[in-house]
Structure formats: structure tokens, C-alpha cells
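Dear colleague,

My notes on what was found in it follow.

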Amino acid sequence: MAVVDVHRFAESITCHAWSPDLSMVALCPNNNEVHIYKSSQDQWERLHVLEKHDQIVSGIDWSSKSNRIVTVSHDRNSYVWSLEGGEWVPTLVILRLNRAALCVQWSPKENKFAVGSGAKTVCICYYEQENNWWVSKLIRKRHESSVTSVAWHPNNILLATTSTDGKCRVFSTFIKGVDTKDPKAGSPAESKFGEQILQLDLSYSWAFGVKWSPSGNTLAYVGHSSMIYFVDDVGPSPLAQSVAFRDLPLRDVLFISEKMVIGVGYDSNPMVFAADDTGIWSFIRYIGEKKPESSGASYSSQFSEAFTKFYGQSKATTANEASESSKSREGVHDNCINAIVSLSKAGSPKVMRFSTSGLDGKIAIWDLENMEEELGHQF
């Protein structure tokens with residue numbers, strides 16, 4: 001697998017999103033601004049700076065159909081930006097939050113977007129044509145702590161969330177006049193707004209980075225305890241799996257296909273997880289790793305590396321072991337990777353390219369074209 005492009009845009013990047021044609025990227029350089037860059041002849045040119053928020057921008061999403069950008073910030077506000085006459089014009093969204101907005105994502109049909117917050121609340125925002133503004137309906141009293149991530153099911157109704165209370169939840173976001181009922185009688189999509197379909201207590205630590213598979217049949221999220229969780233048959237009787245790994249925790253995940261997931265986080269190098277023919281998920285390897293590490297001999301070096309990163313140990317043996325392990329992985333990022341974004345068309349059964357951004361200020365674009373051959377695993 002090859003990295004197509006790596007560029008350092010800032011000292012640190014909190015979030016990023018791509019334009020529909022993938023020619024431009026919007027990112028927050030760890031402040032209250034959103035910078036939009038365009039690629040031209042192997043160079044990145046800054047075209048716009050969106051200045052409306054008062055504090056750090058914590059979430060960005062760029063709609064693929066309507067070409068609108070939604071941003072959220074620690075200032076508790078959200079704006080929907082529309083391109084008019086070559087300039088990005090903001091429209092304030094009424095969130096009614098008393099804590100920071102932490103994450104945002106457009107729904108598949110782009111008639112709604114969801115905002116997670118530090119107020120233990122999820123805002124489902126939609127456009128009111130009569131008043132020409134964006135309003136929100138709130139899912140309250142369900143989370144016990146901050147909502148760290150949101151993910152829409154392909155049916156445009158179900159929404160998955162993760163929280164620092166360690167739980168993953170699935171809600172119905174059906175809004176009369178905005179959504180249409182699912183033709184399947186008795187489906188979860190028929191539930192009223194805010195009804196909790198499922199609560200998963202698999203993690204005993206903070207939970208992050210939730211995503212649905214392309215078909216919506218599988219849900220994946222990660223915990224701060226260096227574990228990733230997979231859930232099939234979301235509903236009254238879900239089938240759940242937990243996969244533990246020996247290195248630092250993940251922050252975000254992305255389904256490459258129904259059988260393969262990429263996880264990114266504090267280890268600064270994307271990790272590959274895959275399901276076998278029986279549906280059992282397992283860790284495969286790091287991207288860019290020269291060869292798979294043996295399960296027994298490498299355990300001490302992996303643990304030492306993780307221990308070194310957390311506590312800054314300076315013993316010669318520990319440092320050498322960590323150095324050898326790092327060399328075998330050939331990492332592109334120098335710090336925590338906090339976001340992974342698909343560069344494939346919406347609804348595609350496979351993701352052939354994705355991008356990652358991190359606290360090192362870099363955005364890397366990864367090509368998956370030769371992934372099956374490199375990993376020896378069919379996806």
C-alpha cells in the first residue's frame with residue numbers, strides 16, 4: 001500500500017473534510033478558523049479562511065451532494081456554509097447547547113445533520129423552509145457524559161453515538177415532515193424521535209469513533225482501553241465481538257468493506273482489522289509494516305513501546321525495543337491520528353482511498369488499490 005500524498009498544513013489539525021470532487025480540503029489548524037485548500041500541480045493553495053467561530057473548531061463535514069459545509073465549535077455554535085458568488089456565506093444553526101459542540105456529520109440524504117456535544121446531548125438539525133433557518137431537535141437524558149462521535153446509518157434514520165461514559169448507543173431520529181417511513185413494517189426506523197434502539201456496554205473506558213459498514217449491517221467503535229468492538233444484527237438481540245490489541249488506543253475507524261476496517265489513533269499508524277469467513281474479527285497488521293509481527297516474541301517490544309510513549313521511560317533497552325518496532329512500521333504521522341475520512345463515493349461497497357489527519361498537522365492520502373495483495377487478505 002502506498003501513500004499518495006502527505007502534506008503538513010499546520011502545527012496541528014483537529015478535523016478535516018473533502019469537497020465532493022475531492023479537489024479541496026477543509027481543515028481546522030487547531031484554532032477558531034477553517035482553512036480551505038485546493039490542490040494544483042502537486043501544490044496546495046489556500047483559497048478561503050472561514051472565520052465565524054470564537055473557539056476551536058471541533059468538527060467539519062462537507063456534503064457530497066449539496067456542496068455545503070457544516071462546522072461546530074467549542075463555542076457551542078454551528079454554521080452551515082454555502083458557496084455564493086465565490087464566497088462562503090454562513091448560516092447560524094440554533095443548537096441550544098450549554099457546553100461545547102464536539103462532532104458533526106451530515107445524514108446520507110443531507111436533509112439533516114447530527115451534532116454531539118459536551119452537554120450529554122445530541123442535536124438533530126434540519127432546515128425549515130418557511131423560516132429560512134436551521135433548527136434542531138435534541139436527544140436528551142440518554143448520555144451520561146460527553147458525546148464524542150456520531151454516525152448515520154445508510155437508512156438516514158438510525159444514528160449511532162459514542163460517549164465518554166463508555167457506551168455506544170443507537171437512536172431513531174425520525175422527524176415528521178422531514179423523513180419518510182421505512183416500508184418494512186416493525187423496523188427500528190419506525191420508532192419515534194429520540195427513542196433508544198440499542199445500548200452497548202462493551203467498553204469500560206471512554207468510547208470514540210463509531211462507524212457503520214456500507215450495508216448498515218455491522219457497527220464498529222473503539223474504546224480508550226485499546227479495544228475495538230464489532231456489533232452485528234443491531235436490534236433487540238445484537239451479536240457483539242471485542243478485539244483487544246497490545247498498543248495504544250484508537251480514536252477513529254473506517255469500514256473499507258463489509259469485512260475490513262481501518263483504525264487510527266495514538267499509535268500514529270493505521271491498523272487493519274478483518275473478518276474471516278465465519279465472521280470473527282481480528283487484528284491483521286499495521287499499514288506500512290514490513291512483515292507481520294509474531295505473537296510471542298514481539299509482545300515485550302510492543303508493550304515497551306506503549307509504556308515508553310505514555311510515561312517517557314529512558315532506559316536503553318526499552319528505547320531500543322521501541323525503536324526497532326517503530327522502524328518496522330514506517331509510520332507517516334508523527335503524532336496521534338485523530339480522524340480518518342473516506343475518499344470514495346457515497347454508497348460505494350468498497351473504499352479505495354482514504355485520508356488521515358493528526359496532531360502533527362499532516363494530512364496523508366492512502367491508496368488501497370494493492371491492499372489485497374499486500375495483506376494477503378481478500379476484502
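Cys123 is buried, at a relative accessible area of 0%; here buried means under 20% relative accessible area, exposed over 50% and partly exposed in between, with a 1.4 Å probe and protein chains only. Cys123 takes part in no disulfide, and the nearest cysteine sulfur, that of Cys125, lies 5.5 Å away. A disulfide is a pair of cysteine sulfur atoms within 2.5 Å, and the search of the whole structure returned 0 of them. Cys103 is also buried, with a relative accessible area of 10%.

Please note that this is a predicted model, in which local features need pLDDT of at least 70 and side-chain atom pairs count only at pLDDT 80 or more, while totals for chains, interfaces and linings use all residues. Residues are numbered from 1 along each chain as its sequence is written, and side-chain values use heavy atoms, leaving out hydrogens and water.

The mean pLDDT (the predictor's confidence in each residue, from 0 to 100) of the chain is 86, and 83% of its residues reach 70 or more. Over residues 290-301 pLDDT stays under 50, as it does over residues 310-328. Where pLDDT is low, the predicted coordinates should not be read in detail.

S26 is joined to S27 (residues 353-358) by 5 bridges, and Ile340 stands opposite Thr356 in S27.

Yours sincerely

Definitions and conventions: Pairing = 2+ DSSP bridges. Helix = DSSP H or I, 4+ residues; strand = E, 2+ residues; numbered from the N terminus. Contact = heavy atoms within 4.5 Å.
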